[in-house]
Amino acid sequence: MSKSGFYLSWILVHLFVLQVSSRISAIRKDIGFQEKTICRNTVQGRYLLSDDNGHICDALSVDPQSRCCPGKGEKFSCHGCNLLSQCCNSYEFCVSCCLNPARTQKAQVLKVKMAKQSTAGTYSSVFDFCVGRCRHNSESVVHENAYISDFHHCFSLPSNSSGVTDANLEGRLNGINVIVGRQGESCDSVCKSNGQSCVPNKLLVLNQCDIMQKYMSCKGACLASMGPDQPAEVVDDAPKNLNPGACLFTRTQSMLSCEGSHLYTRRLCPCA
């Protein structure tokens, strides 16, 4: 064989080896080194579950290896949820709705304690917060053994999540006459009938479940709501969908007002 023929054969052999090696490498990469996504999910549902991506599916649709729901369909579904009170009639949809970053702020929930005890730890992820909060909690029951309504899976922040102690709150009420008004009455009217005036900047102090429960019965429930009549207690003869007997506080502090009133609530008013 001539030198040129030998050299050409050598080049062809090397090209073949390189081509085979690259194919084997690609196959190994596709088969052995592809990173798998593993989901956490709510597990406990009889028919449905929610994964930590915010998808909901039935138990038969879950990927047995990744534990994820199929990525099809609506994400962060709030089906059967009251977005004002942030309460739902289904545990799985409560978790899915709660996982929406537009509704639940990660920086905020990671500071929330898992229990009221001072030694309690905080949630380690938004999913842990949603799973924990959407289970039945003391703010959604009456007399500790009955739900205040069908919407008893709530993901709103605990009313005491600000970290302010009762002593600090009570201290900020020095010189304030706290009065429970009559049904449908504004705080301006309540204070005026007692020869005093409503103090607007003290409404924020009263807008706490722990404080409201000292002046009102609340019947074991204190719910996040939205309206200019809060903080307030819903009267017992109110329509069922208004949560009769519950205390209401607002997370929209700009709505706190001395003038607000509602036909079916009694306001808690700071007068001086």
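Reader: Why is the contact of R40 with D128 called a salt bridge?
Author: A salt bridge needs a side-chain nitrogen of Lys or Arg within 4 Å of a carboxyl oxygen of Asp or Glu. In R40 and D128 the closest N and O atoms are 2.6 Å apart, so the pair passes that test. Keep in mind that this is a predicted model: local features need pLDDT of at least 70, side-chain atom pairs count only at pLDDT 80 or more, and totals for chains, interfaces and linings use all residues. Residues are numbered from 1 along each chain as its sequence is written, and side-chain values use heavy atoms, with hydrogens and water left out.

Reader: What makes R40 and D128 a pair that ties parts of the chain together?
Author: R40 sits in the loop between helix 1 (3-32) and strand 1 (48-50), while D128 belongs to helix 4, so the bridge joins parts that are 88 residues apart in sequence. Those helices (H or I, at least four residues) and strands (E, at least two) are DSSP runs, numbered from the N terminus.

Reader: Is R40 buried, exposed or partly exposed, and how do you know?
Author: The cut-offs are under 20% relative accessible area for buried and over 50% for exposed, with partly exposed in between (1.4 Å probe, protein chains only). R40 comes out at 40%, so the label is partly exposed.

Reader: How many salt bridges are there in the structure?
Author: There are 3. Another joins R182 and E185, at 3.2 Å from N to O. R182, at 56% relative accessible area, is exposed, whereas E185, at 8%, counts as buried.

Reader: And what about R266 and E233, how far apart are their N and O atoms?
Author: They come to 2.4 Å, and their side chains meet in a salt bridge. This pair also links distant parts of the chain, with R266 in strand 12 and E233 in strand 10 (residues 232-234), 33 residues apart. R266 is partly exposed at 29%, and E233 is buried at 4%.

Reader: Why is strand 12 described as largely enclosed?
Author: Because 6 of its 7 residues are buried, the rest of the structure largely encloses strand 12.

Reader: What covers strand 11, and on which sides?
Author: Both faces of strand 11 (residues 247-250) are covered, with C247 and F249 buried on one side and L248 and T250 buried on the other.

Reader: Why is helix 4 called mostly covered?
Author: Of its 9 residues, 8 are buried. Among them are D128, F129 and R133. The cover includes strand 1, helix 2, helix 3 (106-109) and strand 7 (153-154).

Reader: How do you know that helix 2 touches helix 4, and which residues meet?
Author: Contact means heavy atoms within 4.5 Å. Y91, C94, V95 and C98 of helix 2 meet F127, F129, C130, V131 and C134 of helix 4. By class, that makes 9 nonpolar residues, no polar and no charged ones. (Ala, Val, Leu, Ile, Met, Phe, Trp, Tyr, Cys and Pro count as nonpolar, Asp, Glu, Lys and Arg as charged, and the others, Gly among them, as polar.)

Reader: Why is Q208 called buried?
Author: Its relative accessible area is 15%, so Q208 is buried. Q208 lies in the loop between helix 7 (203-206) and helix 8 (209-215). From Q208 to F249 is 6.6 Å, C-alpha to C-alpha, though they are 41 residues apart in sequence.
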